[in-house]
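Reader: Can you walk me through this model? I'd like to go chain by chain and then look at how the parts meet.

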Amino acid sequence: MNDISPVMWQFLVKWLTNFALYPPEASKIAPQMDALYFFMVLVSLIGLTIVVLLVLAFSVLYRKDRHPHAVQIEGSTLLEATWTIIPLGLFLIMFVWGALIYFRVYTPPANAMNIYVVGKQWMWKAEHPGGQHEINSLHIPTGQPVQLTLISQDVFHSFSIPAFRVKREAIPGRYTTVWFEPTTPGTYHLFCTQYCGTDHSQMVGEIVVLSPDDFKKWLASSTSGNSLAQDGERLFASLQCTTCHNANPASRGPVLAGIYGSKVTLSTGQVVTADDAFIRESILFPSQQISQGYAPIMPTFQGQISEEGVIELVEYIKSLDSYNRVRQTTNTTELLPGSERTGAPVQTQPAPQGKVNQ
Amino acid sequence: MSDSPAVMHAETADSHHEHPAYQRHHFESVAQQFDATNFAMWLFLLTEVMFFGGLFTAYLIMRNWYYPAFVEASHQLNIGWGTANTSVLILSSFTMAMGVYNAHMRRKSGLVFCLILTFILGLGFLGIKSIEYTEKYEKHHIPGFHYSMSSFLNPASDPEVHNSYPDDKPLGLDMARHTELYFFLYFAMTGMHALHMIIGIAILGYLIVRAQAGDFTTGHITYIENFGLYWHFVDIIWIFLFPLLYLISRH
Amino acid sequence: MNFMSRENGLLSWLLTGDHKRIAILYLISITCFFFIGGALAGLIRLELLTPQSDLMASDTYNKVFTMHGIIMIFLFLVPSVPATLGNFFIPMMIGAKDLALPKINLLSWYMYVVGGILVIYTMVAGGVDTGWTFTTPLSTHYVNTNVMSTGMAIFVAGFSSIFTGLNFIVTIHKMRCPGMTWFRLPLFVWSNYAASILMVLGTPVLAITIVLVALERTVGIGVFDPTKGGDPILFQHLFWFYSHPAVYIMILPGMGVISETISTFSRKRVFGYTAVAFSSVAIAVFGFFVWAHHMFIMGISNYSMLVFSLLTMLVAVPSAIKIFNWTFTLYKGSITFETPMLYSFGFMGLFTIGGLTGVFLGASGTDIHLTETYFIVAHFHFVMVGGMLMAFLAGIHFWWPKMTGRMYPEKISQLAAVVTFIGFNLTFFPQFILGTLGMPRRYAAYPPEFQILNVFSTAGATILGVGYLLPVIYLVWSLKYGEIAGNNPWQATGLEWQTQSPPLTENFVINPVMDHEAYDYDWLENQGVKEVASVG
């Protein structure tokens, strides 16, 4: 493209942006979804063309002055079969293809970095595990699967990033997840797409995709001091959870160290996986998930903690491998996958607040 | 159900008025009129099934999720009264069916007698229901109106129920809250049912007056027959409500 | 002497049992509400001319689009063809004197009027801003606008719908004239029958949903509130269980009209009569099992998604079958291009686009990107406005001579059809692109790069408005000055065309006997020209 002058190039880009027919493709799944979309556009165009051409042709060939006597035709089973089976076949292809993409979008890989997002009227709050908080924006690195765990504090909202082709409802009362892997640095639109009241149109923001190095710099400069897990530890103590959940062999509550991701048997005999939702439910609606062998005495904390508080507790419990203190660190780069984060303890270098471990 | 009208030959619309006074002009025959209105009533009852269906769905889901709360809350209902109500309604369906029979047999006094019995039994049902509702009010079990969970947090504080169900354990606060949900569905479902009963009894009153005037014993059985269908339907709804609401833990 | 001149006076209209008079009452009320809803649409498009939310406050905008949706769906689209054309012509098409339950028919109109008055009250009292979908917990706990009166309005209007559907089903089953077997029925009757099944079975579920929302809002229990152990997703299931079949309630009668017009103006029996009849019923049946495709991104399980996505693909097929059958009805026909035919062609093109874009949404993968954006808005306006409203106008123009005894001016009506088609495409096609670009729906403000497409859309809306105003003007004009129509100006085959225009109150002088197939143009030719004196 060396022979196109810079002015022309700028004009071309501006033209393409202003007259774009589809958003930029900034995630790994975007081209895959666009492929299906364009297949559908093609099929639709062909279908529409067939119908329109037939209607036009018949209208011309068989208009009254040219064809004064209509020929009464009952039908044709062959034609009926054709135009039943071919559309059905095409729709079924779209069904399968669409379902595959759907699975891909909503099945995060195991090494995805998890960021919590709480939606409330009328803003988005993103919480990085390292304690960085953002309002109406989300900074993420390229080349890294990112999972969002979403919840709403009030009504339905929907977290939508058109450039990534992903969208997920943030529902009050339960976590939902979506994941993506950004490919191109840049700033992209973030919209709330589920009508949520007066300032629904103002619940917009920016998705800032950075290169991995820039992202590390950003993490370091935006930290508030404590990681989510550390905040959670503090909350755990202040709510006196340790009264029952401690290392004491006669403790009245189940041991929480290492519980995340494991299978838990409930008093009903049912076996469930202790995931984010399980931990949240246990804090807010404990009567429904009494572990086998324990008395149903855990009080509910509903109304006493916000969704952010729950997230902090969840993060804390995720990080527990023993009841020893969570290691002090502000170096959250260790929390990026590739450092075998999941379930593993954070590094033992105590660093003074605000300083980055280079 | 026949699908074609009875008239098999063309006739002009206003040719002669050789039809009973109660046959409406847009029908070809009394048989067609009866057929059509009967079918219409069945269809209407189908819409009622769909209407109650939403409530039943909500109930079944909530009961599945919050079983302990629903069980203990259901123990607050008096099975004696519930059984009495069930018997009253079944009996009233019987008297209604006898009324329909009398209408077919063109026996005016029999018809009026059966309708009056049905009326009284219907009122009896509503009377028992109001006793039960008053009890709920006194124990602060009406959702949204000073609702009290004390009977569930501490069953011993409610000796009347506790003696019948000594095995009921105290519920945790989060589970006890769901008892209010049970009562909400209880009042919504039985209330909706009672509303249909009230409408039915009102219509029944009107039918008694007309039956006494002899309108339904000349062969014009449509109203009685179709109302009978409605009444039986309201009965059947109760027959589903009773085990769902009262008999949760009985098996 | 005809049904209009037989008795005069307001009470004779307000207490009538005559299905034709009730149809006219409905037509007048529906038209009024259509223009109110249309004015609200105009306000929406005006606001969206600029990226900022500058024409009205956000709250007001939210109320405007909510009322637009409620009025257009419940007070216009749902009753449009069934309550006007269905009421008027189903008894005539089957050779009956009236519907089975005339008093219920009148009651249904009154319920419609009460519902309408409650909606007007809501607007005057400050509106409601929950969106027509009144999602919980927003509608139960987070707005302080007139949710209760809106709920009551829709509840009452719903009964209007149930009674109409119930009446149609009973009539079609029990009141067919001798010789009128199921497979001799006009396809208009089949379509309305299928829609009636949906009305009767689906609307009560909406009714109970509204009751539950009202109770939750007043008593505050929490059956939909997660902080009290309820589940907002339960609301979604209950709501969409009706609201998806509702869209088929809206489109099926329109499809019935198209069968009639395409057949008449090609002088040919509809190609594949049985296939079209069964497709109508198939759409109704399948339509009940696809509701959760409105919930793909709400956290339903993968298994649920598979079931609902597959069924959605299946429900698309009968509509495709119909489009092809109508197309092939033209084959070897003898085609003329009167106004109803122009609207029908418009329907076929626009409904094809609208229906195909539905498939984009039924495939769950693409739905993730496209849902809750202007793509959805474009999709449903293509099927509802480009499809249903065009079909309604086709039907009004087709049967106007029969209902009123007058012809409307042909040239201006053809012009209006073309203007509507152009205006429609300009309004709604850019919205597909806006949706793909990611512009969310229900937004008063948007990023500036979306402006130019929004401006196109508003420009189109202006043209569309003109296209809709014209028919009101010339149709009313034709009542006094239009050419006298005669019995059968289009030389159509239905029983309704074999009698005078406007019809007698009893519909037929001699009770008909059906001795030929539907759309039998040979039979029609053998009739010769029967000129029964048309008086009045």
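Author: A term to begin with: helices (H or I, at least four residues) and strands (E, at least two) are DSSP runs, numbered from the N terminus. This is a predicted model, where local features need pLDDT of at least 70 and side-chain atom pairs count only at pLDDT 80 or more, while totals for chains, interfaces and linings use all residues. Residues are numbered from 1 along each chain as its sequence is written, and chains are lettered from A and ligands numbered from 1 in the order in which they are written.

Reader: How many helices and strands are in chain B?

Author: Chain B has nine helices and zero strands. Read from the N terminus, its elements go α-α-α-α-α-α-α-α-α.

Reader: And is chain B compact or spread out?

Author: Chain B is more spread out than a compact globule, because its radius of gyration is 23 Å, well over the 18 Å that the globule rule gives for 251 residues. The radius is taken over C-alpha atoms, and the rule is 2.2 Å times the number of residues to the power 0.38. The C-alpha trace of chain B spans about 80 × 35 × 30 Å along its principal axes.

Reader: Switching to chain A. What is the strand order in the open sheet?

Author: The order is 3-2-1-5-8, five strands with mixed pairing. Two strands pair if DSSP finds at least two bridges between them. At the edges are strand 3 (133–135) and strand 8 (176–180) of chain A, each pairing on one side only. Neighbouring strands of this sheet are turned by 25° against each other on average, direction ignored.

Reader: How many bridges join strand 1 to strand 5 there?

Author: Seven, between strand 1 (residues 113–120) and strand 5 (residues 146–152) of chain A, which run parallel. Asn114(A), for example, has Gln147(A) in strand 5 as its bridge partner.

Reader: Now the contact of chain C with chain A. How many residues from each?

Author: 76 residues from chain C and 76 residues from chain A, with contact meaning C-beta atoms, placed from the backbone, within 7 Å. On the side of chain C, helix 11 gives the largest share, 14 residues.

Reader: How do helix 3 of chain A and helix 11 of chain C cross?

Author: The axes of helix 3 (residues 77–106) of chain A and helix 11 (residues 302–329) of chain C come within 9 Å and cross at roughly 150°. Axes are lines fitted to C-alpha atoms, for helices over the stretch in contact, and angles run from 0 to 180 degrees between N-to-C directions. Helix 3 of chain A and helix 11 of chain C are therefore roughly antiparallel, the word for angles over 145 degrees.

Terms used. Angles under 35 degrees count as roughly parallel, over 145 as roughly antiparallel, 65 to 115 as roughly perpendicular and the rest as oblique. Two residues are in contact if their C-beta atoms, placed from the backbone, lie within 7 Å.
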